[in-house]
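Reader: Could we go through the charged pairs in this protein together? I am still learning how to look at them.
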Amino acid sequence: MNGCGEKEFPSGILPKLSHLQVFVIDKFMARGVAPITVKGEEVGSLRNLETLECHFEGFSDFVEYLRSRDGILSLSTYEILVGEVARGINQFNVGFPSKTVRLGNLSINKDRDFQVKFSNGIQGLYCECIDARSLCDVLSLENATELERITIQQCDSMESLVSSSWFCSAPPRLPPY
């Protein structure tokens, strides 16, 4: 659908596709055309979904998806883009695992519900221009036992990778990779 002039996936269609198992919509800018976004509640209505590749316009749509879908635990693969990634994100696609969330141009310091729900099972995290003081504001490291790759770009307000409170809580050992 990229390049057809639509900015958002048409409302009301996804809930009618109740048996849909794979939903892949181009999430990256192509030839100067913005990617098509989807609404969180509508994607969350797809109960049989196993593979998801999409772009949520903002943080609220992603949180709405997580709430309506009870997180992303039941997906076997996903690549979800949330917000705007200003630079050519395609150069960072190589080598990212099959369960990846990409965050761009977001302020997420205050919403702990986001952190807890989306971190289970995540293998890759890409952050660009997000307003977070530490990685702990984005991801609950205690639950990120499958995390393989993190890329952080232009996150000027990030002061540290992990907060001191994370060390004090005696977290489980992270995998060696």
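Reader: Is glutamate 79 buried or exposed here?
Author: Bearing in mind that this is a predicted model, glutamate 79 is buried, with a relative accessible area of 16%, and that counts as buried because the cut-off is under 20%.
Reader: Okay, and which side chain does glutamate 79 meet in a salt bridge?
Author: The partner is arginine 102, with 2.8 Å from N to O. This pair links distant parts of the chain, since arginine 102 sits in strand β4 (residues 99-104) and glutamate 79 in strand β3 (residues 77-83), 23 residues apart. Arginine 102 is also buried, at 1% relative accessibility.
Reader: How many salt bridges are there in the whole structure?
Author: A search of the whole structure finds three. Lysine 39 takes part in one with glutamate 8, where the closest N and O atoms are 3.9 Å apart. Lysine 39 lies in the loop between β1 (22-24) and α1 (40-44) and glutamate 8 in the segment before β1, so the pair ties together parts that are 31 residues apart in sequence.
Reader: And what about lysine 39 and aspartate 61, how far apart are their closest N and O atoms?
Author: They are 4.0 Å apart, and the two residues form a salt bridge. Here the loop between β1 and α1, which holds lysine 39, is linked to helix α2 (residues 59-69), which holds aspartate 61, 22 residues away.

Technical notes: Residues numbered from 1 in each chain as written. Predicted model: local features only at pLDDT ≥ 70, side-chain atom pairs only at ≥ 80, totals over all residues. Heavy atoms only, no water. Helix = DSSP H or I, 4+ residues; strand = E, 2+ residues; numbered from the N terminus. Buried < 20%, exposed > 50% of the residue type's maximum accessible area, 1.4 Å probe, protein only.
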